[in-house]
Amino acid sequence: MGMRWTEDLATGVDEIDSQHKELFSRVNALLAAMSEGRGREHLHTVVRFLEDYVVTHFSTEEGYMARHSYPGMAAHKAEHAAFVRDFGNLKKDFETQGASSALAIQVQRRVCDWLVHHIGQSDKAFGAHLRTRAAGTGTT
Ligand SMILES: [Fe+2]
């Protein structure tokens, strides 16, 4: 059980990759807590982490996209916005209804889906663009 960050997920930007690794480790901590029946107790930690993470991490990525004229920026930003919206709804449930195992599962599912589909595909494509530009211009 668990989600592994592997080199094939690297964008090639250390700042972004270390933020991705941090998210993987947070998800694994949640999965571990859930497997021990402590998902509900751990939910507060995860929600507090994610609320800062989405702001910091997405603005880091979008800054790179803007500086490197990434053609897929609009679509990529839309994925970030969708995650912010979904997380906002989950956070609202957390704040109004409190922690529950069911909510921990919903958060875990949304974030695991994010790791696979967004980091595994969209961020990877963005990383490939950055590397192509770096190879062509000699700068990053
Ligand atoms: Fe992204």
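A crossing of two helices counts as left-handed if the near helix is turned anticlockwise from the far one by less than a right angle, and right-handed if clockwise. By that rule, α2 and α3 cross in a left-handed way. The structure here is a predicted model, in which local features need pLDDT of at least 70, side-chain atom pairs count only at pLDDT 80 or more, and totals for chains, interfaces and linings use all residues. Residue numbers start from 1 along each chain as its sequence is written.

Overall, the protein has four helices and zero strands (DSSP runs, numbered from the N terminus: H or I of at least four residues for helices, E of at least two for strands). Its C-alpha trace spans about 50 × 30 × 20 Å along the principal axes.

Back to the helix pair: the axes of α2 (residues 39–67) and α3 (residues 73–97) come within 11 Å and cross at roughly 165°, which makes α2 roughly antiparallel to α3 (the label for angles over 145 degrees). These axes are lines fitted to C-alpha atoms over the stretch in contact, with angles running from 0 to 180 degrees between N-to-C directions. Residues making the contact include Leu43, Val47 and Phe58 of α2 and His80, Phe83 and Phe87 of α3; contact here takes C-beta atoms, placed from the backbone, within 7 Å.

Further along, Ser122 sits in helix α4 (residues 101–137). Ser122 is partly exposed, with 17 other C-beta atoms within 10 Å (20 or more would be buried, 12 or fewer exposed). Setting aside neighbours within four places in sequence, Ser122 contacts His76 and Glu79.

Definitions and conventions. Angles under 35 degrees count as roughly parallel, over 145 as roughly antiparallel, 65 to 115 as roughly perpendicular and the rest as oblique. Two residues are in contact if their C-beta atoms, placed from the backbone, lie within 7 Å.
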